[in-house]
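Dear colleague,

My findings follow directly after it.

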Amino acid sequence: MTDVLVVGGGPAGLSAALFTQKNGLETTVFDTDGTWMHKAHLFNYLGVGSQDGTAFLETAREQVDSFGVDRQQGTEVTDVQETDAGFEVSTDGGTHEADYVVLATGANRDLAESLGCEIADDGTVDVDVTMETSVDNAYATGAMVRAEEWQAVISAGDGAAAALNILTKEKGEHFHDFDTPDDAAALFGPDQ
């Protein structure tokens, strides 16, 4: 059993995985690589001057991999169920269990619906400000929760919000993920 299962490997899913794994929660990401990012060009993402969406994903994947995220590339999740111990995610290769699940499947809301998450009148998944759904410890992000605001930077923020709420629950107090230059130098070397 892992701590956090993330379904989707676009900006929202990878952002959630980065925050949780980096802060001590064992995290697995299931990614079919069907993200819209392959059609994007980032020119409006803070801190990125101009970058192809596929190149952005490669960098993001390298970053989460460097923290030890178990990234299941090419693995499709076929079902998510709530269990007494948390959640069970089904794939063609078997089942995986975790305390928390983060859904980051773009505009595809099927898994959220089958999990029993409340759906808003506009068809989006209903979440609170922390991205938590009506199902405790289940989170939805990005285009799942927004009818029109499908931006990489918004999705990444949604993933971060979900992760910070999970970390707050785990730590028992409001959690902040603030880094210092010494942290970065220790992980990536002084020239990063």
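In this predicted model, strand E1 (residues 2-7) runs parallel to strand E8 (residues 94-103), and five bridges join the two. Within this pairing, Thr2 has Ala98 of E8 as its bridge partner.

Strand E8 also pairs with strand E7 (residues 86-91), here in an antiparallel arrangement that again comprises five bridges. Val89 is placed opposite His96 of E8. Two residues lie between E7 and E8, and the two strands form a hairpin.

A further pairing links E8 to strand E9 (residues 138-140): these strands are parallel and are joined by three bridges. Together with helix H3, strands E8 and E9 make up a β-α-β unit, which is right-handed.

The largest pocket holds about 780 Å³ of space. It is lined by 38 residues, and those closest to its centre are Gly34, Thr35, Ala104, Thr105 and Gly106.

Several elements supply at least two residues each to the lining of this pocket: helices H1 (11-22), H3 (110-115) and H4 (152-171), together with strands E2 (27-31), E3 (41-42) and E6 (77-83). Sorted by class, the lining of the largest pocket consists of 18 polar, 16 nonpolar and four charged residues.

With kind regards

Notes: Residues are numbered from 1 along each chain as its sequence is written. This is a predicted model: local features need pLDDT of at least 70, side-chain atom pairs count only at pLDDT 80 or more; totals for chains, interfaces and linings use all residues. Side-chain values use heavy atoms; hydrogens and water are left out. On a 1 Å grid over the protein atoms alone, a cavity is a set of points where a 1.4 Å probe fits but cannot get out, and a pocket is an open set with protein on both sides within 12 Å along at least five of seven lines; lining residues have an atom within 4 Å of a point. Grid points are joined across faces, edges and corners, and a volume is the space filled by probe spheres set on the points. Helices (H or I, at least four residues) and strands (E, at least two) are DSSP runs, numbered from the N terminus. Ala, Val, Leu, Ile, Met, Phe, Trp, Tyr, Cys and Pro count as nonpolar, Asp, Glu, Lys and Arg as charged, and the others, Gly among them, as polar. Two strands pair if DSSP finds at least two bridges between them. A crossover is right-handed if, with the strands pointing away from the viewer, the path from the first strand over the helix to the second runs clockwise.
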